Amino acid sequence: GDSPAKTSAFGGKASTKIITIGKYGKSTSITSLNNLYIYVGGTPKDGIGGWNGGGNGQQAGGGATDIRISNSNSLTCNINTDPRILVVGGGGGSTNNGSSGNGAGGGLNGNYGAFSQTTSDKAGQGGTQYGGGKAAQYTCTNTTCSVRQDGTCGNGGSSNSESGGRGGGGGWYGGGSGCLCADGGGGSGYYDTNKGYLMNSSMSMQTSYHGDGYATIWYGRSKP
């Protein structure tokens, strides 16, 4: 019979001076094509997080890219009721102290942000399958950001749009926000194993993607 449709997707990159971070879900087969809705993660601009869940901050978080079976924006992170069947996380906001992979969007879990140039749980934590990433608890000076939010279902945590705030990346669950040289965490990814829409799913972290997110759906055995 006909081959099922397949998809690959990237989350949006975060605000950062030297690195770009996103998430890649590869060669996932979709068994039903009735009314699929594609939400493409955006890159941040002027301190506003990337569309579809990026947290605000001076260096804001990237938005998630996801595919839904309805156009509902009522995200629950409950596998039985959430409309999303595939999510690829956006990256957490980073300073120029970051290095490749810090604050990357998931995989099943988003990555920690960077703290003093090294990936660390002192920075914003990545989203997981079960909860948002915690906001950074440390900074590099005695000054702390007045706003530091944990990630929530679908959304990265926000921080100050000035004074060194770092937004978390959007995702299944969003990454935690950061402050000053403690960067934001990446959002988590997700693929449905409950509703019967996906098969042959796999996810891998991509740490060098530039620009807005995207999703590609194609028919046949190989990607065009």
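A: Start with burial. A residue is buried when its relative accessible area is under 20%. Over 50% is exposed, and partly exposed lies in between. Keep in mind that this is a predicted model.

Q: Is Cys77 buried or exposed?
A: Cys77 has a relative accessible area of 12%, so it is buried. Cys77 sits in the loop between β4 and β5 (84-88).

Q: What is the phi of Cys77?
A: Phi is positive, about 55°, although Cys77 is not a glycine. Asn52 is another residue to look at: its phi is near 80°, again a positive value in a residue other than glycine.

Q: Where is Asn52, and is Asn52 buried or exposed?
A: Asn52 belongs to the loop between β3 and β4. Its relative accessibility is 14%, so Asn52 counts as buried.

Q: Now the rings. How many aromatic pairs does the structure hold?
A: There are 2 aromatic pairs. To classify a pair, check the angle between the ring planes: under 30 degrees counts as stacked, over 60 as edge-to-face.

Q: Is Tyr39 buried or exposed?
A: Tyr39 has 11% relative accessibility, so Tyr39 counts as buried.

Q: What about the rings of Trp172 and Tyr190?
A: Their centres are 3.8 Å apart, with planes at 10°, so these rings are stacked. The pair links distant parts of the chain, 18 residues apart. Trp172 is in the loop between β8 (165-166) and β9 (178-179), and Tyr190 is in strand β10 (residues 190-191).

Q: How buried are these two residues, in terms of relative accessibility?
A: Trp172 counts as buried because its relative accessibility is 2%. Tyr190 is buried too, with a relative accessible area of 5%.

Q: Rings can also meet charges. Which residue lies over the face of Tyr39?
A: Arg68 does, at 3.6 Å from the ring centre.

Q: How many salt bridges does a search of the whole structure find?
A: The search finds 4. The cut-off is a side-chain nitrogen of Lys or Arg within 4 Å of a carboxyl oxygen of Asp or Glu.

Q: Which residue meets Arg84 in a salt bridge?
A: The partner is Asp82, at 2.9 Å from N to O. Arg84 and Asp82 are both buried.

Q: And where does the bridge between Lys134 and Asp150 lie in the chain?
A: Their side chains meet at 3.7 Å, N to O. The pair links distant parts of the chain, 16 residues apart. Lys134 is in the loop between β7 (118-119) and β8, and Asp150 is in the loop between β7 and β8 as well.

Key. Residues are numbered from 1 along each chain as its sequence is written. This is a predicted model: local features need pLDDT of at least 70, side-chain atom pairs count only at pLDDT 80 or more; totals for chains, interfaces and linings use all residues. Side-chain values use heavy atoms; hydrogens and water are left out. Rings of Phe, Tyr and Trp (its six-membered ring) pair if their centres lie within 6.5 Å; planes under 30 degrees apart count as stacked, over 60 as edge-to-face and the rest as tilted. Buried means under 20% relative accessible area, exposed over 50%, partly exposed in between (1.4 Å probe, protein chains only). Helices (H or I, at least four residues) and strands (E, at least two) are DSSP runs, numbered from the N terminus. A charge sits over a ring if NZ of Lys or CZ of Arg is within 6 Å of the ring centre and within 35 degrees of the ring normal.
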